[in-house]
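Visitor: I have not come across this structure before, and I would like to be walked through it slowly.

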Amino acid sequence: LLPEGALLINVARGGIVPDDAVLAALEGGRLSGAALDVYDQEPLPADHPLRGHDDVLLSPHAAGGTRRAQSNIITKVMDNVRTAIEGRPVSDVVNGVDAVIRRR
């Protein structure tokens, strides 16, 4: 469904866009490039042609694993625990429940 010459970025799940389909689209000119953080098989096999393709950027599906990212997560959890204990709304609620934690 992408327009001809599009750039593909997949950081969601391997298999959403099969690796061989990405390679075929690149070689056929349908895609002009791809940035992939996930693969059909993790890790991407050492001999897979995507590894040597000039128009592909690969990463090891570890973007959230940096020290800074982990530190930010720990800080957010600590802040939310403190906030909940104080009876104030916690932040970053994504499932539609009340942001105020109430004791029963």
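The questions and answers that follow concern a predicted model.

Visitor: What handedness does the β-α-β unit have?
Guide: The unit is made of β1, helix α1, which spans residues 19-27, and β2. A crossover counts as right-handed if, with the strands pointing away from the viewer, the path over the helix runs clockwise. The unit made by β1, α1 and β2 is right-handed.

Visitor: Which residue meets Arg30 in a salt bridge?
Guide: Arg30 lies in the loop between α1 and β2, and its partner lies in the segment before β1, 26 residues apart from it. The side chains come to 3.2 Å, N to O, and the partner of Arg30 is Glu4.

Visitor: About how many helical turns separate Asp79 and Arg82?
Guide: The side chains of Asp79 and Arg82 meet in a salt bridge at 3.1 Å, N to O. Both residues belong to helix α2 and are 3 residues apart, so the separation is about one helical turn.

Terms used
Residues numbered from 1 in each chain as written. Predicted model: local features only at pLDDT ≥ 70, side-chain atom pairs only at ≥ 80, totals over all residues. Heavy atoms only, no water. Helix = DSSP H or I, 4+ residues; strand = E, 2+ residues; numbered from the N terminus. Salt bridge = Lys/Arg side-chain N within 4 Å of Asp/Glu carboxyl O.
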